[in-house]
Amino acid sequence: MRMSKLFFQTLREYPSDAEVMSHKLLVRAGYIRKLANGVYNYLPLMQRVLKKVETIIREEMDRSGAQELLMPFVQPAELWQESGRWDVYGKELMRLKDRHSREMCLGPTHEEVITSIAREGIQSYKQLPVNLYQIQSKFRDEIRPRFGLLRGREFIMKDAYSFDADEKGLDKSYEIMAETYKRIFERCGLETKMVQSDSGAIGGSVSHEFMVLVNENSEINAGENDVFYCTKCGYSANSNHAVSELNPVETDGGYEKPEIKETPDVHSIEELSKFLNVAKSVICKAIIYVIDGKYKMALIRGDRSVEETKLMNVFAGNEIRIARNDEIEEIMKESGYNAVAGFIGPRGLKNVEIVADETVKDLKNFVIGINENDKHLVGANWGVDVELPARMADIRLVEENDKCCNCKSTLKVTKGIEVGNIFKLGTKYSKAMNAVFTDRDGKEKPFIMGCYGIGVTRTAAAAVERHHDEYGIKWPIAISPYTVIIVPVSDQDEQQVSVAEEIYKKLTEAGVEVLIDDRSERAGVKLKDADLIGIPYRITVGKTIKDNLVEFKNRQTGDTVIITPSEAIERIKSI
Ligand code: ATP
Ligand code: MG
């Protein structure tokens, strides 16, 4: 490809709305352009990258025995009503009506559609197992589209769905996908960690995510997930699913008897612990959340935090947020109190379900809010002064240096970008949608399903996030838009131009994907652009061509060598 013909424009500056490097670089280097919030045009360079990622995915999915199909982007509401998700999916689901006022949606995922396909197409256990996949655009009206391609509203996903006759079959399909994913990301030049994760709105029980671990030192961290991991036994999990064992701390407040103490204007656990001169770990913290529109109270030991996904799962919820002050006021009123946040507690509350984290169980002579402003109860004990809620669960956020539940070693934390995930769905959709097959014993049974996603656009962006420097992108060779770029330093120098053209011709004939910068730009501009767009190898034809020498540069390592044009050609061919 000739740069003079290539449709691309690099920008002098990073776009002002971009926070993370992959977004900044993909826009500045001319790969993407924003069309609307969270919606991007993929320009020719980007399209080449995406096609490479897709090709790797296709090859590995096909190799695993999965079959590609393509389902519509627009889906009828009826299917979503059948599965029960029409009402619970929330605002991420973009709903629309056709000219006959029929309700439709833009597909955020395709469980419903694939289940309807299996329902029609698979009658007998003899047709199982089947794994069907597609590479398709998705639309999710994300609450915070940000970070460019990392979290768009429209994005490209590979989604696969497996159908098995029994759990054992599902285990095998799942295993095969886990292996396939490892190979896919490896081939893309991306190191990933497979971590345990929450199954979220999709449902099911077991799931894992493939995380690209990103540098925590960059100013803005593109890794939206905290991954806790153990260096000793290999345990690793997303914070929404991670568990840990606690290091011992003081859990006895040491008060001799229960007493109501004045705690004026003390609103945080931090302030309360200072005011009373006790450890945070002897305070029982109470927080009111709104889960799917209903009020719930969470209790947890004062030195720890609630993990909202875990809490939401206790109530099988889909949406969670902390209650606003006016909502707390309303709750208090209903139970005959008027306390504000900071003084609330479980005692005497009406119409609010309470869940206690396991950490509060062992508290003795502790401190707790009693729904009276500027007061706390100190020296409280469960069963005597306050009832221990019947509902106990692990709703605690793991923290670095907690102990690994498996091996008691110390847990560490890192940031990760989720590029793919695998779920054991079980019969969630097949049961709801009556998708059944006739088993060996002649009985009708619902399919046992799994689903497996890879963010194609997010994977490409994660590669940039992982591989760049201050000058630009450093594409892993397998997904780079071109393998090599040839830069004649001066387009006025006949010898430079003719040698560059000769190399271009030879490499092109050898089937190499090669760019030649034949623009009449200053050398500085051309070299800068080459670094910015991130082509793995650069052959610079400059003054040394008089001695039959060119510069051969590896973008990833920065290494340069001075060699003859034919050596340069051989090196590229051998890669
Ligand atoms: P996240 O937790 O990041 O929102 P998710 O759990 O919603 O992801 P899935 O619904 O399982 O993700 O989608 C499968 C894959 O699609 C994800 O692993 C991710 O790579 C990609 N993906 C999901 N949402 C987006 C998005 N808004 N923009 C780009 N890629 C996305
Ligand atoms: Mg999501």
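Is C233 buried, exposed or partly exposed? C233 is partly exposed, with a relative accessible area of 37% (buried is under 20%, exposed over 50% and partly exposed in between, using a 1.4 Å probe and protein chains only).

A quick note before the views: this is a predicted model, where local features need pLDDT of at least 70, side-chain atom pairs count only at pLDDT 80 or more, and totals for chains, interfaces and linings use all residues. Residues are numbered from 1 along each chain as its sequence is written, chains are lettered from A and ligands numbered from 1 in the order in which they are written, and side-chain values use heavy atoms, with hydrogens and water left out.

**View 1. Here are the residues around ligand 1.** There are 15 of them, and R140, R151, G152, E418 and N421 come nearest (near means that a heavy atom of the residue lies within 4 Å). The shell divides into 6 nonpolar, 4 polar and 5 charged residues; Ala, Val, Leu, Ile, Met, Phe, Trp, Tyr, Cys and Pro count as nonpolar, Asp, Glu, Lys and Arg as charged, and the others, Gly among them, as polar. Strand β21 (411-426) gives the largest share, 5 residues, while β8 (154-164) supplies at least two. Strands are DSSP runs of E, at least two residues, numbered from the N terminus.

**View 2. Now look at the oxygen atoms of ligand 1.** A polar side-chain atom of E418 lies 2.6 Å from one oxygen atom, and a polar side-chain atom of R140 lies 2.7 Å from an oxygen atom too. G455 uses its backbone instead: an N or O atom there is 3.1 Å from a ligand oxygen. Taken alone, ligand 1 exposes 580 Å², and the protein buries 85% of that (areas by the Shrake-Rupley method with a 1.4 Å probe).

View 3. A search of the whole structure finds 0 of them (a disulfide needs two cysteine sulfur atoms within 2.5 Å). C105 counts as buried, at 0% relative accessibility.

**View 4. Meet K553 and its partner D531.** K553 sits in strand β30 (residues 550-554) and counts as buried because its relative accessibility is 14%. Its side chain makes a polar contact with the side chain of D531, at 3.4 Å. Such a contact is a pair of N or O atoms within 3.5 Å; within protein, one must be able to donate a hydrogen and the other to accept it, and residues adjacent in sequence count only if both atoms are side-chain atoms.

Notes. Helix = DSSP H or I, 4+ residues; strand = E, 2+ residues; numbered from the N terminus.
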